[in-house]
Amino acid sequence: MKLLVKAPAKINLSLDVLYKRPDGFHEVEMIMTTIDLADRVELTLLEQDKIHILSHNRYVPDDQRNLAFQAAQLLKDRYQVKKGVQITIEKTIPVAAGLAGGSSDAAATLRGLNKLWELGLTLDELASLGSEIGSDVSFCVYGGTALAKGRGEMITDLPAPPTCWVILAKPFIGVSTAEVYRRLDLNGMKHPEIGEMVKAIQNNDYESVCENVGNVLEDVTLKLHPEVAQIKEQMKRFGADAVLMSGSGPTVFGIVQHDSRMHRIYNGLRGFCDQVFAVRMLGERHTLD
Ligand SMILES: C[C@](O)(CO)[C@H](O)COP(=O)(O)OP(=O)(O)OC[C@H]1O[C@@H](n2ccc(N)nc2=O)[C@H](O)[C@@H]1O
Ligand SMILES: Nc1ncnc2c1ncn2[C@@H]1O[C@H](COP(=O)(O)OP(=O)(O)OP(=O)(O)O)[C@@H](O)[C@H]1O
(Lines give C-alpha, C1' and ligand atoms only; values in the text may rest on other atoms or scores of the structure.)
(Ligands and ions follow the chains in the order given, each with its own letter.)
Protein backbone atom coordinates (compact mmCIF):
# COMPACT_ATOMS: atom_id res chain seq x y z
CA MET A 1 0.00 0.00 0.00
CA LYS A 2 1.28 3.44 -1.01
CA LEU A 3 0.23 7.01 -0.17
CA LEU A 4 1.35 10.28 -1.77
CA VAL A 5 1.21 13.29 0.54
CA LYS A 6 1.78 16.94 -0.38
CA ALA A 7 4.04 18.98 1.91
CA PRO A 8 3.63 22.69 1.13
CA ALA A 9 6.09 25.44 2.15
CA LYS A 10 5.10 28.32 4.41
CA ILE A 11 5.93 31.99 4.51
CA ASN A 12 5.69 34.28 7.54
CA LEU A 13 3.68 37.38 6.64
CA SER A 14 4.63 38.72 10.03
CA LEU A 15 7.03 37.51 12.71
CA ASP A 16 7.49 39.06 16.14
CA VAL A 17 9.61 37.89 19.07
CA LEU A 18 8.39 38.92 22.52
CA TYR A 19 11.10 37.56 24.83
CA LYS A 20 13.56 34.74 25.43
CA ARG A 21 12.09 31.98 27.59
CA PRO A 22 13.81 30.07 30.40
CA ASP A 23 13.84 26.95 28.15
CA GLY A 24 16.05 28.82 25.63
CA PHE A 25 13.32 29.18 22.99
CA HIS A 26 11.78 32.54 22.06
CA GLU A 27 8.16 33.46 22.64
CA VAL A 28 6.84 34.42 19.19
CA GLU A 29 3.76 35.80 17.48
CA MET A 30 3.62 35.01 13.78
CA ILE A 31 1.21 35.03 10.88
CA MET A 32 1.91 32.03 8.69
CA THR A 33 0.41 30.90 5.42
CA THR A 34 1.03 27.92 3.16
CA ILE A 35 1.99 28.44 -0.48
CA ASP A 36 1.68 26.40 -3.64
CA LEU A 37 5.28 25.16 -3.57
CA ALA A 38 5.43 21.65 -2.20
CA ASP A 39 7.58 18.58 -1.62
CA ARG A 40 6.01 15.20 -2.43
CA VAL A 41 6.24 12.61 0.32
CA GLU A 42 5.61 9.03 -0.76
CA LEU A 43 4.84 6.55 2.03
CA THR A 44 4.95 2.80 1.33
CA LEU A 45 3.75 0.36 3.98
CA LEU A 46 6.39 -2.19 5.07
CA GLU A 47 5.43 -5.34 6.94
CA GLN A 48 8.84 -5.29 8.71
CA ASP A 49 9.37 -3.07 11.78
CA LYS A 50 11.63 -0.57 9.93
CA ILE A 51 11.78 3.08 8.80
CA HIS A 52 13.64 3.67 5.51
CA ILE A 53 14.12 7.15 4.14
CA LEU A 54 15.36 8.37 0.77
CA SER A 55 15.50 11.90 -0.64
CA HIS A 56 17.94 12.06 -3.61
CA ASN A 57 18.94 15.56 -2.42
CA ARG A 58 22.50 16.00 -1.17
CA TYR A 59 21.47 18.63 1.40
CA VAL A 60 18.80 16.42 2.98
CA PRO A 61 19.84 13.67 5.42
CA ASP A 62 18.84 10.07 4.55
CA ASP A 63 18.76 8.91 8.19
CA GLN A 64 17.33 9.68 11.63
CA ARG A 65 18.34 13.36 11.27
CA ASN A 66 15.58 13.78 8.69
CA LEU A 67 12.51 15.37 10.32
CA ALA A 68 10.21 13.01 8.38
CA PHE A 69 12.09 10.04 9.86
CA GLN A 70 11.67 11.58 13.33
CA ALA A 71 7.92 11.94 12.72
CA ALA A 72 7.61 8.24 11.83
CA GLN A 73 9.75 7.21 14.81
CA LEU A 74 7.65 9.31 17.18
CA LEU A 75 4.39 7.70 16.01
CA LYS A 76 5.94 4.24 16.19
CA ASP A 77 7.19 4.70 19.76
CA ARG A 78 4.09 6.47 21.07
CA TYR A 79 1.55 4.01 19.60
CA GLN A 80 3.66 0.80 19.58
CA VAL A 81 3.32 0.43 15.81
CA LYS A 82 4.89 -2.85 14.64
CA LYS A 83 4.65 -2.13 10.90
CA GLY A 84 7.21 -0.07 9.02
CA VAL A 85 7.42 2.52 6.25
CA GLN A 86 9.54 3.51 3.28
CA ILE A 87 9.54 7.34 3.06
CA THR A 88 10.64 8.85 -0.25
CA ILE A 89 10.86 12.64 -0.39
CA GLU A 90 10.86 14.46 -3.70
CA LYS A 91 12.27 17.85 -2.70
CA THR A 92 11.06 21.04 -4.40
CA ILE A 93 11.20 23.41 -1.43
CA PRO A 94 14.70 24.93 -1.12
CA VAL A 95 16.59 23.61 1.94
CA ALA A 96 17.50 25.81 4.95
CA ALA A 97 15.66 28.64 3.26
CA GLY A 98 13.12 29.86 5.85
CA LEU A 99 10.27 28.02 4.12
CA ALA A 100 9.83 25.17 6.66
CA GLY A 101 10.59 22.44 4.13
CA GLY A 102 11.75 19.88 6.70
CA SER A 103 8.90 20.74 9.06
CA SER A 104 6.35 20.30 6.30
CA ASP A 105 7.82 16.92 5.30
CA ALA A 106 7.48 15.86 8.96
CA ALA A 107 3.88 17.13 9.11
CA ALA A 108 2.98 15.33 5.87
CA THR A 109 4.51 12.14 7.27
CA LEU A 110 2.38 12.46 10.43
CA ARG A 111 -0.81 12.98 8.40
CA GLY A 112 0.03 10.19 5.97
CA LEU A 113 1.10 7.60 8.53
CA ASN A 114 -2.04 8.30 10.55
CA LYS A 115 -3.87 6.81 7.55
CA LEU A 116 -1.34 4.17 6.48
CA TRP A 117 -0.95 2.78 10.01
CA GLU A 118 -4.68 3.32 10.78
CA LEU A 119 -4.02 5.25 14.01
CA GLY A 120 -7.25 7.29 13.99
CA LEU A 121 -5.63 10.42 15.48
CA THR A 122 -7.22 13.87 15.10
CA LEU A 123 -5.44 16.78 13.42
CA ASP A 124 -5.07 18.41 16.86
CA GLU A 125 -3.37 15.28 18.21
CA LEU A 126 -1.03 15.17 15.21
CA ALA A 127 -0.20 18.88 15.63
CA SER A 128 0.58 18.32 19.30
CA LEU A 129 2.93 15.44 18.40
CA GLY A 130 4.46 17.65 15.71
CA SER A 131 5.49 20.26 18.27
CA GLU A 132 7.85 17.66 19.77
CA ILE A 133 9.73 17.53 16.43
CA GLY A 134 10.04 21.27 15.71
CA SER A 135 8.38 24.63 16.34
CA ASP A 136 6.97 24.96 12.78
CA VAL A 137 5.60 21.40 12.53
CA SER A 138 2.26 22.05 14.29
CA PHE A 139 1.34 24.80 11.83
CA CYS A 140 2.40 22.57 8.91
CA VAL A 141 0.07 19.79 10.12
CA TYR A 142 -2.91 22.14 9.64
CA GLY A 143 -1.69 24.33 6.76
CA GLY A 144 -3.81 27.26 5.59
CA THR A 145 -3.35 30.59 7.34
CA ALA A 146 -2.88 31.03 11.07
CA LEU A 147 -1.68 33.08 13.98
CA ALA A 148 1.02 31.10 15.81
CA LYS A 149 2.05 31.85 19.39
CA GLY A 150 4.17 30.26 22.12
CA ARG A 151 7.22 28.62 20.57
CA GLY A 152 5.18 28.55 17.33
CA GLU A 153 2.98 25.58 18.28
CA MET A 154 -0.14 27.43 19.55
CA ILE A 155 -2.22 27.79 16.41
CA THR A 156 -5.32 29.93 15.78
CA ASP A 157 -6.88 29.45 12.36
CA LEU A 158 -7.40 32.54 10.12
CA PRO A 159 -9.28 33.09 6.85
CA ALA A 160 -7.50 33.20 3.48
CA PRO A 161 -5.42 36.34 2.80
CA PRO A 162 -6.44 38.47 -0.22
CA THR A 163 -5.69 36.83 -3.58
CA CYS A 164 -2.21 37.74 -4.80
CA TRP A 165 1.01 36.40 -6.27
CA VAL A 166 4.00 35.54 -4.09
CA ILE A 167 7.39 35.77 -5.79
CA LEU A 168 10.08 33.91 -3.84
CA ALA A 169 13.77 34.59 -4.35
CA LYS A 170 16.33 32.38 -2.65
CA PRO A 171 19.96 33.55 -2.62
CA PHE A 172 22.90 31.10 -2.97
CA ILE A 173 23.16 30.57 0.80
CA GLY A 174 21.47 28.63 3.59
CA VAL A 175 20.77 30.01 7.05
CA SER A 176 20.81 28.33 10.47
CA THR A 177 17.61 29.21 12.37
CA ALA A 178 19.33 28.60 15.73
CA GLU A 179 22.12 31.07 14.86
CA VAL A 180 19.66 33.78 13.80
CA TYR A 181 17.71 33.48 17.08
CA ARG A 182 20.99 33.44 19.01
CA ARG A 183 22.14 36.70 17.41
CA LEU A 184 18.81 38.49 17.89
CA ASP A 185 19.11 41.62 20.03
CA LEU A 186 15.85 41.95 21.94
CA ASN A 187 16.51 45.55 22.98
CA GLY A 188 15.23 48.38 20.82
CA MET A 189 13.75 46.25 18.04
CA LYS A 190 10.79 47.51 16.01
CA HIS A 191 7.87 45.15 16.57
CA PRO A 192 5.43 44.50 13.70
CA GLU A 193 1.70 45.08 14.38
CA ILE A 194 0.48 41.49 14.49
CA GLY A 195 -3.05 42.58 15.50
CA GLU A 196 -3.26 44.85 12.45
CA MET A 197 -2.20 41.99 10.19
CA VAL A 198 -4.89 39.74 11.68
CA LYS A 199 -7.49 42.47 11.01
CA ALA A 200 -6.18 43.04 7.49
CA ILE A 201 -6.60 39.34 6.69
CA GLN A 202 -10.02 39.16 8.32
CA ASN A 203 -11.14 42.23 6.30
CA ASN A 204 -9.58 40.88 3.09
CA ASP A 205 -7.74 44.23 2.88
CA TYR A 206 -4.81 43.82 0.46
CA GLU A 207 -3.28 47.26 1.06
CA SER A 208 -3.32 46.79 4.81
CA VAL A 209 -1.71 43.34 4.48
CA CYS A 210 1.09 45.00 2.47
CA GLU A 211 1.50 47.81 5.02
CA ASN A 212 1.75 45.44 7.97
CA VAL A 213 4.31 42.83 6.85
CA GLY A 214 7.25 42.70 9.25
CA ASN A 215 9.88 40.28 10.57
CA VAL A 216 12.17 41.02 13.54
CA LEU A 217 14.63 38.32 12.38
CA GLU A 218 15.29 40.21 9.14
CA ASP A 219 17.93 42.59 10.53
CA VAL A 220 19.98 39.68 11.91
CA THR A 221 20.11 37.78 8.60
CA LEU A 222 20.61 40.98 6.57
CA LYS A 223 23.72 41.80 8.64
CA LEU A 224 25.09 38.27 8.17
CA HIS A 225 24.27 38.17 4.44
CA PRO A 226 24.11 41.60 2.70
CA GLU A 227 22.98 39.91 -0.56
CA VAL A 228 19.55 39.40 1.07
CA ALA A 229 19.18 43.19 1.37
CA GLN A 230 20.14 43.54 -2.32
CA ILE A 231 17.40 41.12 -3.34
CA LYS A 232 14.90 43.06 -1.21
CA GLU A 233 15.89 46.29 -2.98
CA GLN A 234 15.56 44.71 -6.41
CA MET A 235 12.12 43.33 -5.65
CA LYS A 236 10.97 46.77 -4.55
CA ARG A 237 12.46 48.37 -7.67
CA PHE A 238 10.67 45.89 -9.94
CA GLY A 239 7.39 46.93 -8.32
CA ALA A 240 6.43 44.54 -5.49
CA ASP A 241 3.74 45.99 -3.20
CA ALA A 242 5.42 44.47 -0.12
CA VAL A 243 8.77 42.71 0.35
CA LEU A 244 9.86 40.64 3.34
CA MET A 245 12.26 37.89 4.34
CA SER A 246 10.49 34.67 5.36
CA GLY A 247 11.26 33.12 8.78
CA SER A 248 14.96 33.18 9.55
CA GLY A 249 15.67 33.54 5.83
CA PRO A 250 17.40 33.84 3.51
CA THR A 251 14.40 33.55 1.11
CA VAL A 252 12.79 36.90 0.31
CA PHE A 253 9.22 37.16 -0.93
CA GLY A 254 7.40 39.94 -2.72
CA ILE A 255 3.66 40.23 -3.18
CA VAL A 256 1.71 41.69 -6.09
CA GLN A 257 -1.79 41.34 -7.49
CA HIS A 258 -1.27 41.90 -11.22
CA ASP A 259 0.07 39.15 -13.49
CA SER A 260 2.18 41.62 -15.50
CA ARG A 261 4.03 42.85 -12.41
CA MET A 262 4.54 39.27 -11.24
CA HIS A 263 6.21 38.46 -14.58
CA ARG A 264 8.40 41.58 -14.39
CA ILE A 265 9.69 40.71 -10.91
CA TYR A 266 10.10 37.00 -11.73
CA ASN A 267 12.08 37.70 -14.91
CA GLY A 268 14.07 40.48 -13.26
CA LEU A 269 15.30 38.27 -10.45
CA ARG A 270 15.95 35.08 -12.41
CA GLY A 271 19.68 34.61 -12.93
CA PHE A 272 20.44 36.95 -10.05
CA CYS A 273 19.36 34.39 -7.41
CA ASP A 274 19.76 30.66 -6.86
CA GLN A 275 16.05 29.95 -7.30
CA VAL A 276 12.98 32.06 -8.09
CA PHE A 277 9.34 30.93 -7.91
CA ALA A 278 6.01 32.66 -8.54
CA VAL A 279 3.24 30.95 -6.61
CA ARG A 280 -0.18 31.47 -5.04
CA MET A 281 -1.01 31.31 -1.35
CA LEU A 282 -3.09 28.22 -0.61
CA GLY A 283 -5.49 30.37 1.43
CA GLU A 284 -7.60 28.96 4.22
CA ARG A 285 -7.17 25.62 5.94
CA HIS A 286 -8.46 22.71 3.87
CA THR A 287 -7.78 19.01 3.63
CA LEU A 288 -4.18 18.76 2.46
CA ASP A 289 -4.25 15.10 1.41
C1 LIG B 1 11.93 30.98 12.13
C2 LIG B 1 10.70 30.11 12.08
O3 LIG B 1 10.82 29.18 11.01
C4 LIG B 1 9.50 30.97 11.80
O5 LIG B 1 8.36 30.25 11.39
C6 LIG B 1 10.51 29.33 13.37
O7 LIG B 1 10.42 30.22 14.49
C8 LIG B 1 11.59 28.30 13.63
O9 LIG B 1 11.00 27.07 13.53
P10 LIG B 1 11.84 25.70 13.44
O11 LIG B 1 12.89 25.79 12.40
O12 LIG B 1 10.82 24.62 13.36
O13 LIG B 1 12.56 25.72 14.84
P14 LIG B 1 13.08 24.52 15.76
O15 LIG B 1 13.62 23.42 14.90
O16 LIG B 1 12.05 24.20 16.79
O17 LIG B 1 14.27 25.24 16.50
C18 LIG B 1 15.51 25.56 15.88
C19 LIG B 1 16.23 26.51 16.80
O20 LIG B 1 15.68 27.84 16.68
C21 LIG B 1 15.56 28.47 17.94
N22 LIG B 1 14.15 28.83 18.20
C23 LIG B 1 13.14 28.28 17.46
C24 LIG B 1 11.84 28.65 17.70
C25 LIG B 1 11.57 29.58 18.73
N26 LIG B 1 10.31 29.96 18.99
N27 LIG B 1 12.58 30.11 19.46
C28 LIG B 1 13.87 29.75 19.21
O29 LIG B 1 14.79 30.24 19.87
C30 LIG B 1 16.15 27.50 18.97
O31 LIG B 1 17.46 27.85 19.18
C32 LIG B 1 16.10 26.16 18.28
O33 LIG B 1 17.16 25.34 18.69
N1 LIG C 1 12.99 16.58 5.27
C2 LIG C 1 13.95 17.51 5.32
N3 LIG C 1 14.04 18.44 4.35
C4 LIG C 1 15.01 19.38 4.40
N5 LIG C 1 15.92 19.49 5.38
C6 LIG C 1 15.85 18.63 6.38
C7 LIG C 1 14.86 17.60 6.39
N8 LIG C 1 15.04 16.90 7.52
C9 LIG C 1 16.07 17.45 8.18
N10 LIG C 1 16.59 18.48 7.50
C11 LIG C 1 17.74 19.32 7.98
O12 LIG C 1 17.19 20.53 8.46
C13 LIG C 1 17.93 21.67 8.01
C14 LIG C 1 16.97 22.84 7.79
O15 LIG C 1 16.17 22.53 6.69
P16 LIG C 1 14.75 23.21 6.33
O17 LIG C 1 14.68 23.21 4.85
O18 LIG C 1 13.67 22.55 7.07
O19 LIG C 1 14.99 24.69 6.90
P20 LIG C 1 14.05 25.95 6.97
O21 LIG C 1 13.17 26.00 5.76
O22 LIG C 1 14.92 27.14 7.19
O23 LIG C 1 13.17 25.67 8.25
P24 LIG C 1 12.29 26.70 9.11
O25 LIG C 1 11.68 27.67 8.14
O26 LIG C 1 11.28 25.76 9.76
O27 LIG C 1 13.24 27.31 10.09
C28 LIG C 1 18.64 21.19 6.75
O29 LIG C 1 19.89 21.78 6.63
C30 LIG C 1 18.73 19.68 6.89
O31 LIG C 1 20.00 19.29 7.35
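Visitor: Helices (H or I, at least four residues) and strands (E, at least two) are DSSP runs, numbered from the N terminus; where does that place Glu118?

Guide: Glu118 sits in the loop between helix 2 and helix 3 (123-130). This is a predicted model, in which local features need pLDDT of at least 70 and side-chain atom pairs pLDDT 80 or more, while totals for chains, interfaces and linings use all residues. Residues are numbered from 1 along each chain, and chains are lettered from A and ligands numbered from 1, each as written.

Visitor: What about the phi of Glu118?

Guide: The phi of Glu118 is positive, near 50°, and this residue is not a glycine.

Visitor: Is Glu118 buried or exposed?

Guide: Glu118 is exposed, because it has 9 C-beta neighbours inside 10 Å.

Visitor: Which loop holds Gln80, and what is its phi?

Guide: Gln80 belongs to the loop between helix 1 (67-79) and strand 4 (84-90). Its phi is positive, about 45°, although Gln80 is not a glycine. Gln80 counts as exposed because 7 C-beta neighbours lie inside 10 Å.

Visitor: And Gly112, buried or exposed?

Guide: Gly112, in helix 2 (residues 101-116), is buried, since 25 other C-beta atoms lie within 10 Å. The C-alpha atoms of Gly112 and Leu4 are 7.9 Å apart, although 108 residues separate the two along the chain.

Visitor: New topic: which residues of helix 10 are buried?

Guide: In helix 10 (residues 259-269), the buried residues are Met262, Ile265 and Leu269. Down the helix axis they fall within an arc of 70° (taken from the directions from the axis to the C-beta atoms), so they line one face of the helix.

Visitor: What is on the face turned away?

Guide: The face of helix 10 turned away from the buried side carries the exposed residues Asp259, Ser260 and Asn267. Just after helix 10, Gly271 has a positive phi of about 95°.

Visitor: Which peptide bond is cis?

Guide: The bond from Gly249 to Pro250 is cis, with omega near 5°. Pro250 is in the loop between strand 9 (242-245) and strand 10 (252-256).

Key: Buried ≥ 20, exposed ≤ 12 C-beta atoms within 10 Å, placed from the backbone.
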